[in-house]
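The sequence and the structure come next, followed by the text.

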Amino acid sequence: MRLTDILEKMNWPLPMGKLRGIQFAITPLAIAWFLVLFFAGTWWVPLVLFMTMGVHEYGHALMGQSLKYKTIAILF
């Protein structure tokens, strides 16, 4: 197996759920990044960062839908 194949599998999105028809997903690499933040700092830093990013990106998706763009998923 080549390194590029391994890296591609590491970024395979894991579904987290849907909100108003928009799929939320996260990559294993993003999970690892949040875990590093969790263990490097306090427990609330990655939680606040994750929630802030989610609300921010969801706002983009809602605006895109209001402008008639087809929004399928938000990927962390």
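Two strands pair if DSSP finds at least two bridges between them. Helices (H or I, at least four residues) and strands (E, at least two) are DSSP runs, numbered from the N terminus. The model is predicted: local features need pLDDT of at least 70, side-chain atom pairs count only at pLDDT 80 or more, and totals for chains, interfaces and linings use all residues. Residues are numbered from 1 along each chain as its sequence is written, and side-chain values use heavy atoms, with hydrogens and water left out.

**Overall layout**

The protein chain has 3 helices and 3 strands. Read from the N terminus, the order of these elements is α-β-β-α-α-β. Of the 76 residues in the protein chain, 21% are buried; buried means under 20% relative accessible area, exposed means over 50%, and partly exposed lies in between (1.4 Å probe, protein chains only). The protein chain exposes about 6,000 Å², and 73% of this area is supplied by carbon and sulfur atoms. Accessible areas come from the Shrake-Rupley method with a 1.4 Å probe; for residues, only the protein chains shown count as cover. A contact means heavy atoms within 4.5 Å. Among the contacts in the protein chain with a separation of 6 or more, 42% are between residues 24 or more positions apart.

The 3 strands form an open sheet in the order 1-2-3, with mixed pairing. Strand 1 and strand 3 (73–75) are the edge strands, and each pairs on one side only. On average, neighbouring strands of this sheet are turned by 25 degrees against each other, direction ignored. For such angles, axes are lines fitted to C-alpha atoms, for helices over the stretch in contact, and the angles run from 0 to 180 degrees between N-to-C directions.

Strand 1 (residues 14–19) and strand 2 (residues 22–26) run antiparallel and are joined by 5 bridges. Strand 2 and strand 3 run parallel, with 3 bridges between them. Some of the residue pairs are listed here.

| Residue | Opposite residue | Strand of the opposite residue |
|---|---|---|
| Gln23 | Ala73 | strand 3 |
| Ala25 | Leu75 | strand 3 |

Is strand 2 mostly covered or mostly open? Strand 2 is mostly covered, as 5 of its 5 residues are buried. In a regular strand the side chains alternate between the two faces of the sheet. From strand 2, Ile22, Phe24 and Ile26 point one way, while Gln23 and Ala25 point the other way.

Helix 2 (residues 28–40) touches strand 1 and strand 2, and its direction makes about 60 degrees with that of strand 2. Helix 3 (residues 44–66) touches strand 1, strand 2 and strand 3, and its direction makes about 145 degrees with that of strand 2.

**A nonpolar surface patch**

Leu14, Ile31, Leu35, Phe38, Phe39, Trp43, Trp44, Val45, Leu47, Val48 and Met51 make a nonpolar surface patch of about 1,100 Å². Patches are made of residues with over 30% relative accessible area and no salt bridge; like charges are joined within 9 Å, and nonpolar side chains (Val, Leu, Ile, Met, Phe, Trp, Tyr) within 5 Å. A salt bridge is a side-chain nitrogen of Lys or Arg within 4 Å of a carboxyl oxygen of Asp or Glu. Helix 2 and helix 3 are the elements that give two or more residues to the nonpolar patch. Helix 3 gives the most, with 5 residues. Phe38, one of the patch residues, lies in helix 2. Phe38 counts as partly exposed because its relative accessibility is 35%.

Arg20 is found in the loop between strand 1 and strand 2. The hairpin of these strands has 2 residues between them. Arg20 is not a glycine, yet its phi is positive, at about 50 degrees. Arg20 counts as exposed because its relative accessibility is 63%.

Lys68 is found in the loop between helix 3 and strand 3. Its phi is near 70 degrees, a positive value in a residue other than glycine. With a relative accessible area of 74%, Lys68 is exposed.
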